[in-house]
Amino acid sequence: MASLRCQAEQEPLLGHRTPGSREWDIIETEEHYKSRWRSIRILYLTMFLSSVGNIAVVRSYIAGATSLQERTSSMANTSACQALGFILGPVFQTCFALIGEKGVTWETIKLQINMYTAPVLLGAFLGVLNILLILTILREHRVDDSGRQYKNINFEEASTEEVQVPQGNVDHLGVVTINVLFFTAMFVFAVFETNVTQLTMDMYAWTREQAVLYGGIMLAAFGVQAIIAFLGIKLLSEKIGERALLLGGLVVVWVGFFILLPWGNQFPKIQWEDLHNNSIPNTTFGEIIITLWRSPREDHGEEPTGCPAEQAWCLYTPMIHLAQFLTSVVLIGIGYASCHVTSYSLYSKILGPKPQGVYMGWLTASGSAARILGPVFISQVYTSWGPRWAFSLICGIVALAIILLGVVYKRLIAFSVRHGRIQE
């Protein structure tokens, strides 16, 4: 986790220099700083080990324990740790396959360690380790948008300035807007993730094994690219801000799906159904023997490939070239990463210094709903109408999200900025 440190994490927060003074107004002590970032890094580890069920709580804590200048960087680190866990989890499971089904047995407690039990045991061990680290290291820290700590029950420091929670109303229009935009980002990602296997089988006549293998490789590369993008967003956000990054991410996603639309006059290979005829053909005895000899081998060794003829759109829809597909994978990966991080960061800043658990739960719920509805949408539209209609509708949805963001762009500002406590 040390590699995720950035400039904002390397020294305590400092206030503004007063006129005529040679010293900074220190608003955080060294002890408080070390304790705060130890706690945040424990939550990075939690997202890496077991993010399912913890996302809203972890992001709510980090939003309350970071200042505005640290927020985007911390949210990007959180997303990167989560993505890294999703990538390395299947890798570890694959490595455990080397143990084999028999494995070894611990006779004392009758415990068999094989390719099936080893991943579960490792997960349980890491879970217990995570719990111990949380109990021993994690402390409650809350700071305002400038970095001043609020009074808490876990950490007391007499020399550190403590402030009261500012009063003010949350911009509910901004809250609803971010929820809608986050839903859109997660929806289009779920659509793309679900459709990879079927699309490649239809367009490139890949077998099931090829589609699963190559699709898995592409999604793994997608995850690695997302981690790199998460870390790059930390740097870009300091120069152009989260709103511009969110808008740019949506535009890149739209371009990615637009490129994915079928163009040209080259059509995919058609998978024709076998025609069955009950009439007795006029064949010789030798031809019958040859047919009986070949048929079982062909049926067992080969599977039909191509775009199924029962999908009527296969007959008139041009194929999506592999270069098109790979280009869209790169663009959608970059755009999704940008939207994911900036949505959480902007959302936490709009909510302000008040506890954000309930609001973060809503944002997580909107993302979960998108992950449910996305596969249902693409499975129905793609099968019935084909990729041209499916991806055109996705382009329309993303375009509406871009328009919505443009309309409320100026409203998506931090709580303290909206109430005039901090300059943007």
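This is a predicted model: local features need pLDDT of at least 70, side-chain atom pairs count only at pLDDT 80 or more; totals for chains, interfaces and linings use all residues.
Author: Local features need pLDDT of at least 70, side-chain atom pairs count only at pLDDT 80 or more, and totals for chains, interfaces and linings use all residues. Residues are numbered from 1 along each chain as its sequence is written, and side-chain values use heavy atoms, with hydrogens and water left out.

Reader: How many salt bridges does the structure hold?

Author: Four.

Reader: Why is the contact of Arg-371 with Glu-193 called a salt bridge?

Author: The term asks for a side-chain nitrogen of Lys or Arg within 4 Å of a carboxyl oxygen of Asp or Glu. Here N to O is 2.9 Å, so the pair qualifies.

Reader: Which helices does the pair link?

Author: Arg-371 is in helix α10 (residues 357-385) and Glu-193 in helix α5 (residues 172-204), 178 residues apart. Helices are DSSP runs of H or I, at least four residues, numbered from the N terminus.

Reader: What makes Arg-371 partly exposed?

Author: Buried means under 20% relative accessible area, exposed over 50%, partly exposed in between (1.4 Å probe, protein chains only). Arg-371 has 35%, so it counts as partly exposed. Glu-193 has 30%, so it is partly exposed too.

Reader: What makes Lys-349 and Glu-242 a salt bridge?

Author: Their closest N and O atoms are 2.5 Å apart. That is within the cut-off, so the term applies. Lys-349 lies in helix α9 (residues 322-351) and Glu-242 in helix α7 (residues 242-259), 107 residues apart. Both residues are buried.

Reader: Are Glu-107 and Lys-110 buried or exposed?

Author: Both are exposed. They form a salt bridge, with the closest N and O atoms 3.5 Å apart.

How values were computed
Helices (H or I, at least four residues) and strands (E, at least two) are DSSP runs, numbered from the N terminus.
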